Amino acid sequence: MLNIEPVPQIYTQKRECLGKETEANLSIHIPGGGNSYYAKVVLKEQGSLKFRILLAKGKDSRLWLLSDGFSVRIFTEGTKTEDIGFSVEIRPWEIEIFMDRRVVEVFVNQGQAAGTKIFCCDRTDTIFQTDFEEVNEVKSVEVYKMESVWAIKK
């Protein structure tokens with residue numbers, strides 16, 4: 001199986017923890033200064049949990065990550081590209097999300113699936129918000145402020 005994982009250097013860009021939950025939904029305000037954050041969602045088992053996660057929010061637009069329990073989909077709402085979504089058939093049990101200003105990268109199940117989407121946001125701050133159908137199936141959700149990938153020193 002071919003897996004794709006984040007480059008290890010990106011984890012050095014994690015800063016303070018903005019929120020952490022177990023068996024609960026989470027709503028976090030991401031402060032201005034780049035809209036950059038890292039989030040990790042771990043589910044208790046490889047079940048069929050339905051969820052939706054708001055990854056970023058503009059004035060009239062939104063960036064979503066959705067799962068019907070059998071697939072994961074990234075899509076936008078309120079943009080010119082809202083009819084273009086990216087999906088993969090996979091039962092998620094771990095999701096890593098890297099949001100760096102206008103680019104989101106999502107890695108599912110330690111790289112078994114990955115996707116990138118550009119989201120032009122008209123705000124310097126944003127929100128990360130989870131909506132799990134069954135919160136008792138959520139092992140953990142963590143959100144960290146992240147320095148921009150462009151700040152990595154060679």
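**Salt bridges and sheet**

Mentor: Arginine 52 has 40% relative accessibility and so counts as partly exposed, where buried means under 20% relative accessible area, exposed over 50%, and partly exposed in between (1.4 Å probe, protein chains only). This is a predicted model: local features need pLDDT of at least 70, side-chain atom pairs count only at pLDDT 80 or more, and totals for chains, interfaces and linings use all residues. Residues are numbered from 1 along each chain as its sequence is written, and side-chain values use heavy atoms, with hydrogens and water left out.

Trainee: Which residue forms a salt bridge with arginine 52?

Mentor: Aspartate 131 does, with the closest N and O atoms 3.4 Å apart; a salt bridge is a side-chain nitrogen of Lys or Arg within 4 Å of a carboxyl oxygen of Asp or Glu. Aspartate 131 lies in strand β11 and arginine 52 in strand β4, so the pair ties together parts 79 residues apart in sequence. Strands (E, at least two residues) are DSSP runs, numbered from the N terminus.

Trainee: And glutamate 94, is that buried or exposed?

Mentor: Glutamate 94 is buried, with a relative accessible area of 8%. Its side chain meets that of lysine 40 in a salt bridge (3.7 Å, N to O).

Trainee: Changing topic, what is the strand order in the open sheet?

Mentor: The order is β1-β12-β3-β8-β9-β10, with antiparallel pairing; two strands pair if DSSP finds at least two bridges between them. β1 and β10 stand at the edges with a single partner strand each, so one side of each is left without a neighbour in the sheet.

Key
Helix = DSSP H or I, 4+ residues; strand = E, 2+ residues; numbered from the N terminus.
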